[in-house]
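Reader: Could you walk me through how the chains of this model meet? I would like to go through it interface by interface.

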Amino acid sequence: MQGNIASAEGALAAGCNFFAGYPITPSTEIAEHMAARLPKRKGACFIQMEDEIASMAAIIGAAWTGARAMTATSGPGFSLMMENIGYAVMSETPCVIVNVQRGGPSTGQPTMAAQGDMMQVRFGSHGDYSIIALCPSSVQECFDLTAKAFNLADQFRTPVFLMADEVIGHMRERIDLPDEVMVIRPRPLPEGVLPFTPVDNGVPGFASFGTGRRIPVTGLTHNEQGYPDTTNPARHESLVRRLVSKIEDARHEIADFQVVNEDAAFIFVCYGAPVRTVQEVVDRRRVPDTGYLKLRIVWPFPEKLLQRFTNVRAFIVPEMNLGMISREIERHVQVPVIPIGKIGGELHTPEELIEAVHFAGGDA
Amino acid sequence: MKLEIDESRCKGCNLCTMVCPYRIYRQGNRPNRRGIYVPELDRPERCANCRLQELYGRRLCGICALICPDQAIRWVKEKPYEPMNVVIEY
Amino acid sequence: MREDWLRNDRLPHIYCAGCGNGTIMNCVLEAVDKAGYERDNTVFLSGIGCSSRAPGYIETDSLHTTHGRALAFATGVKMAKPSLNVVVFTGDGDIAAIGGNHFIHACRRNIDLTVVCMNNHIYGMTGGQGSPTTPIGKTSTTTPYGAVEVPFDLVDLAVAAGANYVARWTSYHVTQLTEAVLNGLNTPGFSLIEVRCQCPTSYGRRNKFREPKDYMDFLRSHAVLKEKWERTAKPGEELPAESFLVGEFVRRARPVMGVADET
């Protein structure tokens, strides 16, 4: 099965019943698969919108009716979505956005892989906010993480991003489809509680439209009732701090990762497609003194994980950009961080990574 | 029914003064506590809706309440009219 | 009762004295009430601008969204849950400028929405900049020597794009406007009701309509009833300067989307 199809199947397994999208290479297969599958489900809807701005808007609208809503895009469309992603953050709308990354900036390389949107997903919309971003590195993970993304979105009432890339999206692998996936729905809004009062770790309960709660939703700074209150500095500060902290405070709790050779001196920190090269170097070629940390959830960044590598002499960060997550790692550690940025659309070769180990002082 | 202007909502735009067919609303000439010249009512008992709403069982006219941008005009129920017992002595 | 639909704890609203938006809100609520809608299954949406503050004063579920995108959000709401009644408040900047694409596509899809466009010919909330519907020669802060661009005719646009019900009235014609909104609510498919309204603060002040009454007089004297014009106009005769047609422009039954199944 192809990564993009696995992603669509993962969404369907998680109960996705609304998809709005706009064709863009290399994410089109997701929309095509949803267009074929969703109309056969009762109460589900696929709609092809006029642009990515509208796709994002439509899934937010659908999410407020209680639907599990999703869209899929790639870099240029992702840039268009930024406006409404900010809206989804401010209005605390659960939704899932799949970004199958391609080479940028601008139209760039439509058919080649990249990981150049890793900072945009975190900081792309204006203002202070925090989101959750997942990175699959295999077709199986495309399925699992898409299903998980829906649960995280509902649990934290936030947009959740699946940051795949062209390699993973178009790769074909055998996968195991579980009979059933875990489904976590948002906490219901308790009776008598205002719609934007946090009930659990800063996350408010959720009541959908048409259930009699008469919720005014706005992108303006609002009070617990949802009424705009834009000129009160304390109100804005408490709201935005809550929006950030509800996700940042949970970053170690939700962290999803895999550690191999914890005691090694040279640790690869990787996510997405470069994981495959790292696995070749560490797991198959068994280059001495190397290990890796594979992140399935990149944002919020679980920085405490880096402290478990007590013997580490250098972190090596292969990324398909000119160094985005490597800088985030540099902020948290004392040892050298070696970014291996590779752009152009091809994966790192094992030789390049081994060379980096030599450069770091290893005798591989 | 009795016509009422909600002074806490009225912003003194005087649109009501131009639409009422009976010219019940007159531009006010004294500012209220918020500095707004709220229109005055000139013999509001002439209002068709005040007189006839209960008879017809639906709202009549009502242009002033519809055009009022501030939702300040409304009708309130008065105490029901109680006919007095008049004993006529011959 | 119309009063039941208002969030009384939020009134008075932020509109300036004499703003037409309050009037239009009254008429829409009156129509929604007449149509028998319940507060718990009606959703009001809006974009950004003066017009878009209206849903915040209405006691239903409401989405106050990003600039120009209200129709895209409404598409999502209606398609995901067709049993909801969806009404969209929007302004001329919202629908004709930044949201023009969403507007023509919502008309084309003919989704069962009722859209009320409060057209005050100006960007009121940001202080009176020219909009795509500012008439030629009118002054605004970004057209200090008079607007030179040809304005959009929203009604023609909606008719051409395929909406099922299109009407234009003004904030002076309150009963006709209420009737038109009611017709829009009852027509399956996309309904656009364009309402020309006054903005005494930003538009009137710069264009010799300082008092709200002055612009009301203009609306009354320059609105030409469509049916009457079609009956009386000589072939080839053009509308007098600054006049515009009001009335019902189209009511048809093209295929629609987002209508709840009866089953």
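Reader: How many residues of chain A are in contact with how many residues of chain C?

Author: Happy to start there, with a word on the ground rules. This is a predicted model, in which local features need pLDDT of at least 70, side-chain atom pairs count only at pLDDT 80 or more, and totals for chains, interfaces and linings use all residues. Residues are numbered from 1 along each chain as its sequence is written, chains are lettered from A and ligands numbered from 1 in the order in which they are written, and side-chain values use heavy atoms, with hydrogens and water left out. Taking contact as heavy atoms within 4.5 Å, the count is 36 residues of chain A and 31 residues of chain C.

Reader: Which three residues of chain A lose the most area to chain C?

Author: Buried area here is the accessible area (1.4 Å probe) that two parts lose on being put together, summed over both. Chains A and C bury about 2,800 Å² between them, with 57% of it on carbon and sulfur atoms. On the chain A side, 26% of what is buried comes from three residues together: A:Glu50, A:Phe209 and A:Arg214.

Reader: Which element gives the most to the side of chain A that touches chain C?

Author: Across this interface there are 20 residue pairs in polar contact, both at pLDDT 80 or more; such a contact is a pair of N or O atoms within 3.5 Å, where within protein one must be able to donate a hydrogen and the other to accept it, and residues adjacent in sequence count only if both atoms are side-chain atoms. Helices (H or I, at least four residues) and strands (E, at least two) are DSSP runs, numbered from the N terminus. Those giving two or more residues to this side are β2 (45-48), α3 (52-64), α4 (75-90) and β10 (216-218) of chain A. With eight residues, the top contributor is α3(A).

Reader: What is the N to O distance in the salt bridge of C:Arg69 and A:Glu83?

Author: A salt bridge is a side-chain nitrogen of Lys or Arg within 4 Å of a carboxyl oxygen of Asp or Glu. The interface of chains A and C has three of them. For the side chains of C:Arg69 and A:Glu83, the N to O distance is 2.9 Å.

Reader: Moving on, which residue of chain C forms a salt bridge with B:Arg59?

Author: The contact between chains B and C takes 19 residues from chain B and 29 from chain C, and the area buried there is about 1,900 Å². Across it there is one salt bridge. With its closest N and O atoms 3.5 Å apart, B:Arg59 is joined to C:Glu30.

Reader: How far apart are the closest C-alpha atoms of chain A and chain B?

Author: Two pairs of chains touch, and the most contacts are between chains A and C. No contact joins chain A and chain B. Their closest C-alpha atoms are apart by 19 Å.
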